[in-house]
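Good morning, and thank you for coming.

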Amino acid sequence: MPDATDEAQDSRRGPKPAQRGRVRARILDLVSSGALRPGQALPTEAALAAAFGASQPTVHRELKRLVADGVLAFDGEGRRILADRRSGLLGRTVAMFTAYGVQPPGVSQRSEAWEASLENLTWRALQRLGLFCWQLPAEAIGERELHLLDHDRPGVALVFGTSLPSPRCNAILAALAAAHVPTVVYGTQSAPRTGDAIASDHTAGGEMACRWLATHGCQRLICQQSVGHPIGDWLDRRLRGAATAAEKAGLAEPGVLIQPPQISDANGEAVRYQAEVVLLTEALRSHVAGPLPLGILALSDGEVPRLWGAVRRLGLTPGRDVLVAGYDGYWADLVERVWEPTPPSVTVDKRHSEIADALAATADRRLREPAAAPVRRLVEPMLVELR
């Protein structure tokens with residue numbers, strides 16, 4: 001147990017250098033000997049202080065210094081040991097280049113269907129496999145941080161390419177390649193052909209949503225597209241699936257509904273919502289002139305309330321004259337439900353849990369079998385009827 005002299009040193013002037021060095025050496029001995037292993041819960045500071053014959057403040061300071069020096073890393077919940085950078089355990093480390101940032105356990109997400117939740121689910125899946133994770137928010141990464149990959153090289157990198165802006169994603173992938181870091185990418189557009197890539201199957205999603213619309217009486221199909229937004233790999237695939245569904249159903253090739261640009265919410269969300277409905281009404285007007293019912297594949301569930309609002313302004317009835325297929329499965333989390341409570345006729349669930357497990361398993365396989373053939377997998381989504 002710490003004695004009174006040691007406590008006094010801590011509370012007044014801080015511990016003596018010899019005391020700090022002794023505590024630091026004891027912690028490092030426990031890690032290097034295997035008595036404290038990565039993935040294991042760290043004993044409480046009180047328990048370590050008792051075992052070392054030191055004060056708890058001394059142990060606390062030295063743990064913080066070891067983290068600051070890059071010797072140890074902790075995950076923030078339960079203070080589990082993640083890695084000892086001196087011993088080569090970085091070979092079991094996954095560096096996660098995230099777009100939204102992983103939220104610690106207990107911090108609620110607005111929607112489990114958003115891409116941010118996929119990053120959280122992947123983080124947890126990696127930890128279940130006993131892998132050690134660094135979170136690297138992409139917007140905070142500069143050239144200096146990327147060059148550090150040559151020094152502190154993780155065993156594998158996981159890049160959320162679908163969610164990152166292309167220039168930033170390309171820069172990260174180039175730096176990882178230069179540092180010879182094996183990489184797993186969420187998304188297929190940016191992923192190098194020689195690397196692992198997991199993505200949602202947007203082709204299948206677009207086809208199954210439009211097939212549902214066609215089998216429920218829609219005589220024409222249109223697909224929503226964001227204005228000023230270049231068609232990315234995911235949207236291109238989704239439109240391809242919609243065209244396949246239309247062809248199989250004997251319908252004309254789907255038309256394109258241009259989504260008007262978003263309006264500033266300086267005057268409040270209700271004002272913005274109404275203004276965007278007005279703009280969308282004009283964009284939709286020419287499409288409803290033909291035979292009904294009309295089927296619309298929305299960009300996401302988030303666009304559904306505005307689409308229904310536009311349908312109503314045109315004097316049509318949601319669910320009868322127009323059917324809307326949402327995407328991503330987060331309609332229940334929308335604030336716009338206050339003004340338009342009608343859900344999409346059907347939505348596409350990308351199955352984030354399955355994608356997260358696949359990303360984690362692929363990273364684990366790449367660590368265990370560095371020479372294994374690249375994995376290229378599309379996770380098929382699931383169609384969900386909401387009414």
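I shall speak about aromatic rings, then a surface patch, then the backbone, and finally salt bridges. Please keep in mind throughout that this is a predicted model.

Let us begin with the aromatic rings. A pair of aromatic rings is described by the distance of the centres and the angle of the planes. How many aromatic pairs does the structure hold? There are two. In one of them, the ring centres of Tyr273 and Trp339 are 5.2 Å apart and the planes meet at 20°, so this pair is stacked.

Tyr273 has a relative accessibility of 4% and so counts as buried. Trp339, with 32%, counts as partly exposed.

Another ring deserves a brief remark. Arg238 lies over the face of Tyr327, at 3.5 Å from the ring centre.

I now return to Trp339, this time as part of the surface. Together with Val335 and Val338, Trp339 forms a nonpolar patch on the surface, and the accessible area of these residues together is about 270 Å². Val335 is also located in the loop between β11 and β12. With a relative accessible area of 33%, Val335 is partly exposed.

We come next to the backbone. Most residues other than glycine have a negative phi, and most peptide bonds are trans. Against that background, I shall point out several places in this model.

Which peptide bond is cis? The bond from Leu292 to Pro293 is cis, with omega near 5°. Pro293 is in the loop that connects α10 with β10 (294-297).

Two residues have a phi worth noting. For Asp328, phi is near 90°, a positive value in a residue other than glycine. Asp328 has its place in the loop between β11 and β12, and with a relative accessible area of 14% this residue is buried. For Arg351, phi is near 60°, again a positive value in a residue other than glycine. Arg351 is found in the loop between β12 and α12 (352-368). Its relative accessibility is 28%, so Arg351 counts as partly exposed.

Gly53 is in the loop between α3 (45-52) and α4 (56-68), and at 27% relative accessibility Gly53 counts as partly exposed. From C-alpha to C-alpha, Gly53 and Arg22 are 9.8 Å apart in space, while 31 residues separate them in sequence.

My last topic is salt bridges. The count comes to 13, and I shall discuss a few of them.

Consider Arg285 and Glu282. These residues form a salt bridge in which the closest N and O atoms are 2.8 Å apart. Why are they separated by about one helical turn? The reason is that they are three residues apart in helix α10.

Next, Glu336 forms a salt bridge with Arg306, and here the closest N and O atoms are 3.0 Å apart. Glu336 lies in the loop between β11 and β12 and Arg306 in helix α11, residues 304-313, so this pair ties together parts that are 30 residues apart in sequence. Glu336 is buried, with a relative accessible area of 7%, and Arg306 is buried with 6%.

Asp328 forms a salt bridge with Lys350, the closest N and O atoms being 3.3 Å apart. This pair links distant parts of the chain, since Asp328 is in the loop between β11 and β12 and Lys350 in the loop between β12 and α12, 22 residues apart. Both Asp328 and Lys350 are buried.

Finally, there is a network: salt bridges that share partners join Glu207, Arg211 and Lys248.

Thank you for your attention.

Methods:
Residues numbered from 1 in each chain as written. Predicted model: local features only at pLDDT ≥ 70, side-chain atom pairs only at ≥ 80, totals over all residues. Heavy atoms only, no water. Phe/Tyr/Trp six-rings, centres within 6.5 Å; stacked < 30°, edge-to-face > 60°. Buried < 20%, exposed > 50% of the residue type's maximum accessible area, 1.4 Å probe, protein only. Lys NZ or Arg CZ within 6 Å of the ring centre and 35° of its normal. Patch = residues over 30% accessible without salt bridge, like charges linked within 9 Å, V, L, I, M, F, W, Y side chains within 5 Å. Areas by Shrake-Rupley, 256 points an atom, 1.4 Å probe, with all protein chains shown as cover. Salt bridge = Lys/Arg side-chain N within 4 Å of Asp/Glu carboxyl O. Helix = DSSP H or I, 4+ residues; strand = E, 2+ residues; numbered from the N terminus.
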